[in-house]
Structures are given as structure tokens and as C-alpha cells.
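I opened my notebook beside the viewer to keep track of what I looked up. Here are the entries, in the order I wrote them.

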Amino acid sequence: MTVQDFSAWTREVQARVEEALDAFLPPADRVPHKLHEAMRYTTLGGGKRVRPLLAYAAGALFDADPAALARVASAVEMIHVYSLVHDDMPCMDDDALRRGKPTVHVAYDEATALLVGDTLQAQAFEVVASLDAAAVPPARQLTMVRLLAQAAGSNGMCGGQAIDLDSVGLSLTREQLERMHQLKTGAMLRVSVLLGALAGRDLATHELEALDAYSAAVGLAFQVVDDVLDATADSATLGKTAGKDAADNKPTYVSILGLEPSRALAEQLRRDAHEALAPFGDKAQRLRELADLIVQRKA
């Protein structure tokens with residue numbers, strides 16, 4: 001059997017996720033029109049879809065149900081997009097560009113942006129809670145909802161964002177910076193992997209430990225590379241405002257370690273991610289390729 005090449009696989013998954021998101025989001029012609037239009041504006045037609053790709057790659061390890069994967073991949077992307085919408089608002093990072101187009105509060109208004117984020121978060125949980133019980137038993141569905149809530153809340157993404165906001169202008173240690181990003185970025189990457197795997201079956205302890213080690217490595221690598229790109233790429237390449245971290249006096253891996261040591265750290269984390277997947281053999285190839293993509297990306 002011919003194995004589909006990675007680029008073709010990513011395009012296929014991205015297309016599936018786009019189709020699923022289109023189906024799970026309310027239509028723009030349904031009241032309230034502006035809210036639904038803005039939800040679709042920010043969610044559809046953009047982004048690398050890294051979290052859905054991780055969910056699909058993890059699902060491949062455990063022969064996950066395709067319909068269940070479409071749901072969990074859409075849910076983690078909705079949570080991610082909601083966080084970007086709120087992150088870009090004037091009360092947070094006050095950014096005007098995201099995914100190559102005006103941010104929601106610029107294209108619409110601040111109140112709409114706030115509601116878009118709130119609604120996308122709620123929609124994500126509805127999508128996971130509506131999994132087919134024949135494919136994913138209710139007890140496992142409850143576990144998945146709990147994991148998603150933990151990853152998105154104060155012990156995950158929102159907690160990391162709170163630390164980030166409180167750290168502007170401060171000199172963090174490397175350990176403090178790592179903890180912040182384990183929450184802000186790593187928690188949602190981890191849950192993307194876990195939900196994709198759980199769409200297939202319950203996990204044994206050794207499987208969960210291996211996936212956790214992989215997720216920790218790619219989650220940290222993602223942020224290290226983000227910091228490197230913010231310092232080296234331009235806005236057109238990134239699809240968002242470049243140099244924003246330095247302009248806002250935020251602590252980053254580049255500001256703490258320097259540019260080249262940060263690049264070396266990302267490469268070490270890539271190797272760590274590969275090593276964590278050893279128990280799964282060749283079946284984890286997509287997860288390995290995603291680790292490569294995360295570290296070697298240019299935007």
C-alpha cells in the first residue's frame with residue numbers, strides 16, 4: 001500500500017476540518033446575523049490548523065472513528081480561534097492583523113469580538129458533547145469534555161495568558177517562562193493529541209505517558225519557534241504583526257536565551273518528541289512529521 005505523502009495528508013485533513021467547521025458553525029443568515037457572520041469570518045479559511053492536525057495524527061494511532069475525529073478537531077480549533085480573537089483585543093495585545101486579515105474587533109467591533117470568543121468556546125463543548133455514543137462511549141466523552149475544560153481554563157490556556165499579561169516588562173527566569181508557555185500554548189496542544197487518541201479508545205498508562213512526553217516537547221517547541229519567528233520574520237510572512245513581543249517588552253525565549261540558543265532548543269525538543277513516540281513505531285509517523293513541521297515552519 002502506498003503511504004500518502006505528508007503534504008497531501010495535511011491538505012486533506014485541513015480540507016476535512018474546514019468542511020466540518022463550516023457544518024458545525026451557525027450559518028451567517030441565522031439571527032443574530034452579525035455574530036454568526038463574525039464567527040465564520042475568523043474561523044474559516046485560514047490558519048495552519050496545527051491542533052486539528054495533531055488530533056487526526058493521534059487518532060491514526062488508535063483507529064479513531066472519522067466522524068469523532070472531525071468533531072474533536074473542530075472543537076480544539078474553535079477554542080484556539082476564540083483565544084486568538086480575545087488575545088487580539090485592545091484589552092489584551094491590541095493587534096490589528098491575524099491570519100493575514102483584520103482582526104475581529106477591527107473588522108467588526110470590540111463587543112462583537114468578545115461575543116465571538118465566548119460563543120466559539122461554548123460551541124466547542126457542544127460539538128464534543130454531541131459525539132456519537134456508538135463510536136465514543138458516554139463515559140469517555142465525559143473524560144474528553146473534562147480534559148478540554150482543564151486545558152482551556154485557569155490551569156491551562158487562560159492561566160498561561162494571565163501570567164503572560166502580568167509578566168510584561170518583567171525579567172522571568174527560563175523556568176518561569178517555560179511554565180507560562182506550558183499553560184498558554186502547551187495545554188491546548190496536549191489536549192488536541194489526547195482527544196484525537198481518545199476518539200479511538202481508552203488509553204493505557206504507558207500510552208498516555210508517551211503522548212504526554214511528545215505533547216510537552218512539541219508544545220514548548222511551538223512557542224520557542226513562535227518567539228524566533230516574531231524576532232526574525234516580517235508581518236506579511238507571519239500573517240500577524242511581527243516584532244510585537246519586543247515592542248510590548250514581553251519576555252521570550254529569544255530575549256532570555258538569545259536567537260541561536262533558542263533555535264538549538266527547538267531542535268532538541270524536536271528530537272525529544274521523536275524519541276517519545278518510539279513505543280508506537282511506524283504508526284506514529286504523522287505525529288513525528290508534525291513535530292518537524294512545528295519546528296521547521298517559517299510562519
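I started at D63, which sits in the loop between α3 and α4 (66-87); helices here are DSSP runs of H or I with at least four residues, strands are runs of E with at least two, and both are numbered from the N terminus. I noted that D63 is not a glycine, yet its phi is positive, about 50°. Is D63 buried or exposed? I found D63 exposed, with a relative accessible area of 61%. My cut-offs are under 20% relative accessible area for buried, over 50% for exposed and partly exposed in between, with a 1.4 Å probe and protein chains only.

Before going on, I wrote down that this is a predicted model, in which local features need pLDDT of at least 70, side-chain atom pairs count only at pLDDT 80 or more, and totals for chains, interfaces and linings use all residues. I also noted that residues are numbered from 1 along each chain as its sequence is written, and that side-chain values use heavy atoms, with hydrogens and water left out.

Next I turned to R49, in the loop between α2 and α3 (50-61). R49 also has a positive phi, near 60°, in a residue other than glycine. This one I found buried, as the relative accessible area of R49 is 4%.

Then I checked the peptide bonds. The bond joining V31 and P32 is cis, with omega about 0°. I located P32 in the loop between α1 (6-24) and α2 (33-43).

My next stop was S215, in helix α10 (residues 205-232). At 2% relative accessibility, S215 is buried. Which residues does S215 touch, leaving out those up to four places away in sequence? I got R190 and V193, taking contact as heavy atoms within 4.5 Å. A polar atom of the S215 side chain also lies 2.8 Å from the backbone oxygen of L211.

Last, I looked for disulfides, meaning pairs of cysteine sulfur atoms within 2.5 Å. How many did I get by this rule? The count was zero. C91 is in no disulfide, and the nearest cysteine sulfur, that of C158, is 12 Å away. C158 is likewise in no disulfide, with the sulfur of C91 as its nearest cysteine sulfur at 12 Å. For the record, C91 is exposed at 62% relative accessibility, whereas C158 is partly exposed, with a relative accessible area of 35%.

Terms used
Polar contact = N/O pair within 3.5 Å; in protein donor to acceptor, adjacent residues only side chain to side chain.
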